[in-house]
Amino acid sequence: TDVVAMVPQEIRTEALLQAAATVFPEVMEVPVVEQPVDSSRDWVRAVRESFQPLLIGERLLVRFPWNTEVSVRSLLDGDGKERVQLTIEPGAAFGTGEHPTTQLCARWLELHVQRGSRVLDYGSGSGILVMYACKLGADPARSVGIDIDEEAIAVAKRDAVRNQLDG
């Protein structure tokens, strides 16, 4: 088991481990390796590079605003399938398509959504599933994603606009 944490330099590692050990005693058995954070590294760029286009199920292609057409084409090379593309801005909202539950739900939508279907995505996070359902033929006027997280709601609204589903 590895425990990885990035903490400000003013935080004492030993104090942090002691606090964690009150809930997870096994933390104290893991060797501690301290490594200074490279403050010159462009962390926003590094995180963005970790989000590559993603194929889900038979039809969904999730991409991110900074993915190049080359990266998308190389993923699709030889695929031969007609893909529904959604552009998602990963942020604090859950739902980039990488989680297995999102992938299972997307596959379910492929099998069950028909033209004019109504879809309710409760705990919708980024809205990826309700947007995908609409792209598959669900009625956008009668399909909705619901979330209590204000940041998730804002992300979902921006992504709906980005994917021409804001009407």
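Mentor: Arginine 162 and aspartate 159 are 3 residues apart in helix 6 (residues 150-162), so about one helical turn separates them; helices (H or I, at least four residues) and strands (E, at least two) are DSSP runs, numbered from the N terminus. This is a predicted model, in which local features need pLDDT of at least 70 and side-chain atom pairs count only at pLDDT 80 or more, while totals for chains, interfaces and linings use all residues. Residues are numbered from 1 along each chain as its sequence is written, and side-chain values use heavy atoms, with hydrogens and water left out.

Trainee: Is aspartate 159 buried or exposed?

Mentor: Buried means under 20% relative accessible area, exposed over 50%, and partly exposed in between (1.4 Å probe, protein chains only). Arginine 162, at 31%, counts as partly exposed. Aspartate 159 has a relative accessible area of 0%, and is therefore buried.

Trainee: How far apart are the closest N and O atoms of arginine 162 and aspartate 159?

Mentor: A salt bridge is a side-chain nitrogen of Lys or Arg within 4 Å of a carboxyl oxygen of Asp or Glu. Arginine 162 and aspartate 159 form such a bridge, and the distance between their closest N and O atoms is 2.5 Å.

Trainee: Which parts does the salt bridge between glutamate 58 and lysine 81 tie together?

Mentor: The side chains of glutamate 58 and lysine 81 meet at 3.0 Å, N to O. The pair ties together parts that are 23 residues apart in sequence, because glutamate 58 lies in the loop between strand 1 and strand 2, and lysine 81 in the loop between helix 3 and strand 3.

Trainee: Where is asparagine 67 placed?

Mentor: Asparagine 67 is buried, with a relative accessible area of 7%. A polar atom of the asparagine 67 side chain lies 2.7 Å from the backbone nitrogen of phenylalanine 64. Asparagine 67 is placed in the loop between strand 2 (60-63) and helix 3 (69-76).

Technical notes
A polar contact is a pair of N or O atoms within 3.5 Å; within protein, one must be able to donate a hydrogen and the other to accept it, and residues adjacent in sequence count only if both atoms are side-chain atoms.
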